[in-house]
Amino acid sequence: MIDTHAHLAELKDLSQSLEEARANGVEGIIAVGSEMESNMRTLEISGAYQKFVYPAIGYHPLEIVEEEVEKNLLFIRTHVNECVALGEIGLDYRAKVRKEIQHQVFGELLEIAGEFDKPVIVHCRFSHRQAFNMVSEKRIRRAVFHWYSGPVDVLNELLERGYFISATPALRYSPPHQEAIKRTPLERILLETDSPVSYQGTESRPKDVRMTMEYVRVLKGLDPERVTQQTTISAYQFFRLSSI
Ligand SMILES: [Zn+2]
């Protein structure tokens with residue numbers, strides 16, 4: 001299994017968490033960054049755990065600070081070629097950051113993704129329609145809408161465009177997330193944990209991607225082997241991991 005979305009830079013127990021993940025059958029982790037500091041740390045961690053931790057760098061909409069936009073974008077542009085994807089990026093309409101700035105930053109990050117032909121890991125909270133429109137207008141070829149819990153019409157359109165959604169341990173209790181996973185073909189689902197996010201009071205770690213797999217297989221009535229195999233193949237292809 002591959003945990004396709006973990007904030008490893010935020011883990012205090014990093015080496016232990018990575019060991020536990022390996023012991024639980026996790027063969028790879030996509031580590032995502034949120035701003036300058038976590039991006040730098042993410043690159044460092046992936047350098048120390050090559051062929052196990054693969055880096056993505058980004059600028060999370062909740063982390064945007066107007067005065068720091070330029071330096072963050074410059075860092076990303078300079079280092080994007082060392083990464084398997086851009087993320088975490090997107091729009092969050094519950095964030096205090098002004099929408100105009102969020103749109104501007106997301107737009108510029110999508111430009112970079114297009115220019116370097118990198119996939120994007122999209123955060124879209126209360127902004128599914130707008131985030132999807134921006135990604136498709138920029139003609140991004142590979143996109144995963146992380147922890148998708150949005151409207152069904154946007155889901156159908158994004159699937160038609162060939163995009164992916166990702167499943168998290170929130171499948172245990174979130175009806176809109178369950179609904180999205182039920183409606184999405186297995187071939188378009190990636191597994192993740194969003195570690196160290198807490199689900200009903202328990203902090204997650206990459207090993208919990210097994211729980212995500214379990215929820216997906218129960219919801220879809222499939223064998224665990226089938227879900228594990230397909231989502232792993234999809235992660236390899238989506239992030240082009242074999243070429244690294
Ligand atoms: Zn995240």
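Reader: Before we dig in, which pLDDT do local features need?

Author: Residues are numbered from 1 along each chain as its sequence is written, and side-chain values use heavy atoms, with hydrogens and water left out. Since the model is predicted, side-chain atom pairs count only at pLDDT 80 or more, totals for chains, interfaces and linings use all residues, and local features need pLDDT of at least 70.

Reader: OK, how much space lies in the largest pocket?

Author: A pocket here is an open set of points on a 1 Å grid over the protein atoms alone, where a 1.4 Å probe fits, with protein on both sides within 12 Å along at least five of seven lines. Its volume is the space filled by probe spheres set on the points, which are joined across faces, edges and corners. For the largest pocket that comes to about 380 Å³.

Reader: And which strand gives the most to the lining of the largest pocket?

Author: Lining residues have an atom within 4 Å of a point, and the largest pocket has 19 of them, with E88, D92, H123, R125 and H146 nearest its centre. Strands are DSSP runs of E, at least two residues long, numbered from the N terminus; β4 (85–92) and β5 (120–125) each supply at least two lining residues. The one that gives the most, with three residues, is β5.

Reader: What about the second largest pocket: how many nonpolar residues are in its lining?

Author: That pocket holds about 160 Å³, and its lining includes L43, V53, Y54, P55 and I244. Ala, Val, Leu, Ile, Met, Phe, Trp, Tyr, Cys and Pro count as nonpolar, Asp, Glu, Lys and Arg as charged, and the others, Gly among them, as polar. Next to three polar and two charged residues, the nonpolar count is six.

Reader: Is H5 buried or exposed?

Author: H5 sits in strand β1 (residues 2–6). Buried means under 20% relative accessible area, exposed over 50%, and partly exposed in between (1.4 Å probe, protein chains only). H5 has 1% relative accessibility, so it counts as buried.

Reader: Which residue's side chain does H5 join in a polar contact?

Author: Leaving out residues up to four places away in sequence, H5 touches E88 and H146, among others (contact means heavy atoms within 4.5 Å). A polar contact is a pair of N or O atoms within 3.5 Å; within protein, one must be able to donate a hydrogen and the other to accept it, and residues adjacent in sequence count only if both atoms are side-chain atoms. At 3.3 Å, the partner of H5 is H7.

Notes
Helix = DSSP H or I, 4+ residues; strand = E, 2+ residues; numbered from the N terminus.
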